[in-house]
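Try each task before you read its solution.

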Amino acid sequence: MLNFVGMILVVTYPNYGVTFLGYLLNATSWGFWPVLYAWAIEIMHKDMEERAIVIGVAQTFGQAFIAWVPVLILNVGKYAPRFHMAFAVMSGISVLQFASIFIIRWFGKREAERDQSHESNPVGDQKDIVV
């Protein structure tokens, strides 16, 4: 959420100090993704194959995002020094980033419910929750 606040500060460009604060707040989001990955891995601690696939895909998309999005939306030749389109795109991504907390929380609760149902029905007539 700090990333979104930072984007708003940068876009409004009230003065140099506030803009600098906006860029600093944007940098706080760099620590968010490793924590999110660790949380997702913790949820999938019982299935190593699923865990490996999810973290591999997440890392791949993350690195592709870091490599290509700045090239595409921060085109210095076209948009410098204000980057209005880039700030709008990054603000949207900040909202999605915040929403990912609730998505992973939902998956965690679903996994806990599955584990609980498997523990209560240890015999062969288990009903798997299929979504």
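The exercises cover a helix pair and a pocket.

This is a predicted model, where local features need pLDDT of at least 70 and side-chain atom pairs count only at pLDDT 80 or more, while totals for chains, interfaces and linings use all residues. Residues are numbered from 1 along each chain as its sequence is written, and side-chain values use heavy atoms, leaving out hydrogens and water.

**Exercise 1.** Describe how α1 and α6 pack.

*Solution.* 
Step 1. Helices are DSSP runs (H or I, at least four residues), numbered from the N terminus.
Step 2. The angle between α1 and α6 is about 165 degrees, and their axes lie 8 Å apart. Axes are lines fitted to C-alpha atoms over the stretch in contact, and angles run from 0 to 180 degrees between N-to-C directions.
Step 3. α1 and α6 are therefore roughly antiparallel (angles over 145 degrees).
Step 4. In contact (heavy atoms within 4.5 Å), α1 residues including Phe4 and Met7 meet α6 residues including Phe87 and Met90.

**Exercise 2.** Which element gives the largest share of the lining of the largest pocket?

*Solution.* 
Step 1. On a 1 Å grid over the protein atoms alone, a pocket is an open set of points where a 1.4 Å probe fits, with protein on both sides within 12 Å along at least five of seven lines; lining residues have an atom within 4 Å of a point.
Step 2. Of its 41 lining residues, Trp33, Tyr37, Gly62, Phe65 and Gln97 are closest to the centre.
Step 3. α4 gives the largest share, 13 residues.

Note on methods:
Helices (H or I, at least four residues) and strands (E, at least two) are DSSP runs, numbered from the N terminus. Angles under 35 degrees count as roughly parallel, over 145 as roughly antiparallel, 65 to 115 as roughly perpendicular and the rest as oblique.
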